[in-house]
Amino acid sequence: MNKSVFIFAILFVALVLVQALILNHIVLFNCAMCFVFIYFIVSLPLDVKPNLLLTLSFLLGLTVDMLSDTPGLNALSCTVLGALKRPVFFAYEQHDDQKRDISPATATMGFLNFAKYLFTMSALYCIVCFFTEYMNFADVIDILIRIGASTVFTYIVILALDSLIGKK
Amino acid sequence: MRNLLNFLIKYSTWFVFAFYVLISCILLVNTSKTHLSVYLSSANAIGGTIYRTSSEITDYFGLLAVNKRLQESNARLENEVLNLRNQLKQYDVLASDSSDYGRYRRFGYIGASVINNSTSHPLNYFTIDRGSTDGIEPGMGVVDQSGVVGIVDVTGKRTSRVISLLNQNQHFSAKIKSTPYVGSLTWKGSDPRVAYLEEVPRHAKYHIGDTITTSGFSTTFPEGIDIGTVMGNIKTNDDTFIVLKIRLMPDFKQLGTVRIINDILKNELDSISGS
């Protein structure tokens, strides 16, 4: 338990730093952004208490907000994503006693299920995030293009990240 | 009482969720410059340190381009100094007994480096490595070697957050160079190279390629700092005003060194216009 707390603490800091220092400055085709830090929410073990999950999600979003001058935006999106994590997970996985405390990854869910789960999470995040940010400023087509492009970009990067560091 | 407690515990997840969503929404809506905003911006101690450290490392990669731009700007300034010196010589007699002489020193400049920058949001900000201890105050204008880039928003001790010109909530007073026609410059999102000059009188004369400069009507920027060039006008239904499309001069994706403008007369002018 202590070991995994330590690992997730490092993951939190590392993902926030990577996001703030590198990925915030990469915008492909002027519309695709990568929100790699949601990998933290995606991969938190399922036996984490709901209140703790929400708190960690909110803090993650708030930290990213502080570093990218978007007050409230990522905090809101991360909180919503944290709340939707369990329903999305069980949309693709059976309720199973053996899988009660796993951390979602290719290694624990199988590639296909994890790919579906991850894609849904990325899409949900981008939908909440972009609709909140651009509500007053852009037309719907523009927002949808940004959501689509960013979902794919985020999805691919996290899938690659998972195949590198994800484990049982 | 026990029922209430049971109820709270049973539905605690919902309360926690609602609480965090509420906080996020307050932060989203609350754009005023509260005391709290210093801690929640990239100008706070942690963000400042992180960006300062990273820019100390990555700055080296851009030195060649920065150096080239500085040399160009230096050459231009040297020419200008020579020209102005020649002009000044002609006015020497007048200037020596003119009480107006002091106004040539109205604006001071403070140099700074951009340590974090964004161009992809509708509301963009960037962070500089100077703060209140260096004399930076909210409301000061920020320029780079090619022109206007923003206005200081929040100041931390050693870092400050600047509202970029690429921010849809920020308007700049600008005019067509060497004419009296003034308009309001705004950015409309998407392209970081293009902005729009609104509320220009319909009878204003302009040509494609004309320079747009600051109007000098505020204490933020002196008159005549370059902003961009006219690309053309946009069709509107308004009979009295036209909108001009402007190509911005600074390259916002490559902001390196900037200068913050300190208006020595700011307090005086503000107190006059405020009374």
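Two strands are taken to pair if DSSP finds at least two bridges between them. In this predicted model, strand β6 (residues 172–176) of chain B and strand β7 (residues 182–186) of chain B are joined by four bridges and run antiparallel.

In chain A, helix α6 (residues 111–134) packs with helix α7 (residues 140–165) at an angle of about 140°, the axes lying 8 Å apart. Because angles over 145 degrees count as roughly antiparallel and 65 to 115 as roughly perpendicular, α6(A) is oblique to α7(A). The crossing of α6(A) and α7(A) is right-handed. Residues of α6(A) in this contact include A:F111, A:F114, A:F119, A:F130, A:F131 and A:Y134. Among those that they meet in α7(A) are A:I143, A:L144, A:I147, A:Y155, A:I158 and A:D162.

Helix α3 (residues 50–68) of chain A has 19 residues and reaches 27 Å from its first C-alpha to its last, close to the 27 Å expected at 1.5 Å a residue. The buried residues of α3(A) include A:L53, A:L54, A:F58, A:L60, A:L62, A:V64 and A:L67, and also A:D65. Just after α3(A), A:D69 takes a positive phi of about 55°.

Note on methods:
Residues numbered from 1 in each chain as written. Chains lettered and ligands numbered in written order. Predicted model: local features only at pLDDT ≥ 70, side-chain atom pairs only at ≥ 80, totals over all residues. Heavy atoms only, no water. Helix = DSSP H or I, 4+ residues; strand = E, 2+ residues; numbered from the N terminus. Expected span 1.5 Å × (residues − 1). Buried < 20%, exposed > 50% of the residue type's maximum accessible area, 1.4 Å probe, protein only. Axes fitted to C-alpha atoms, helices over the stretch in contact; angles between N-to-C directions. Parallel < 35°, antiparallel > 145°, perpendicular 65-115°, else oblique. Left-handed = near helix turned anticlockwise from the far one by under 90°. Contact = heavy atoms within 4.5 Å.
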